[in-house]
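I opened my notebook to look at a few things in this model. Here is what I checked, in the order I went.

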Amino acid sequence: MDPRVRASRERVAQLLDPEFVEVRASGRRSTYETMVAELADHPGSSPDGPRYEPSDMRGVVLAPGLVHLTFEAVLGERRTRHSSIWRMDDGSAGWRMHHQATHVPPGAD
């Protein structure tokens, strides 16, 4: 969520799992390649702009080296719910992420 990380293609490439696929609210699929190429241009990626504010973060260990993380985030007026799976890479890459976010309409629970 840190704009400095989101703006760094190198850092994004290290954090996303190479098999990453996200279905966006628009229905469009984002792959590892598209996210590495485009995330720096997405809202919340500029150090001078609005920043994601996460809350209600919870993690559940699914298996050794596999964690399911859920949280909500606000960016300006937009509220989203996030679900990600973090997998420990057996090599030197460390933790890698698969992710899904969903827009929460105003007034939704």
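Entry 1, strand pairing. The model is predicted, and I began with β5 and β6, which pair in the antiparallel sense over ten bridges. Across that pairing, I found S84 opposite H99 in β6. On the other pairing I looked up, β4 and β5 also run antiparallel, joined by ten bridges. Here T70 has S83 of β5 as its bridge partner. I then followed the hairpin of β4 and β5: two residues sit between the strands, and G76 takes a positive phi near 65°.

Setting aside neighbours within four places in sequence, I listed V67, H68, L69, M97, H98 and H99 as the contacts of S84.

I noted about 760 Å³ of space in the largest pocket. Its lining has 31 residues, and R6, L39, Y52, H82 and H99 are the closest to the centre. Which elements each supply at least two residues of the lining? I wrote down α1 (3-6), α2 (9-15), β4 (66-75), β5 (78-88) and β6 (95-104). Sorted by class, the lining came out as 18 nonpolar, eight polar and five charged residues.

Terms used:
Residues are numbered from 1 along each chain as its sequence is written. This is a predicted model: local features need pLDDT of at least 70, side-chain atom pairs count only at pLDDT 80 or more; totals for chains, interfaces and linings use all residues. Side-chain values use heavy atoms; hydrogens and water are left out. On a 1 Å grid over the protein atoms alone, a cavity is a set of points where a 1.4 Å probe fits but cannot get out, and a pocket is an open set with protein on both sides within 12 Å along at least five of seven lines; lining residues have an atom within 4 Å of a point. Grid points are joined across faces, edges and corners, and a volume is the space filled by probe spheres set on the points. Helices (H or I, at least four residues) and strands (E, at least two) are DSSP runs, numbered from the N terminus. Ala, Val, Leu, Ile, Met, Phe, Trp, Tyr, Cys and Pro count as nonpolar, Asp, Glu, Lys and Arg as charged, and the others, Gly among them, as polar. Contact means heavy atoms within 4.5 Å. Two strands pair if DSSP finds at least two bridges between them.
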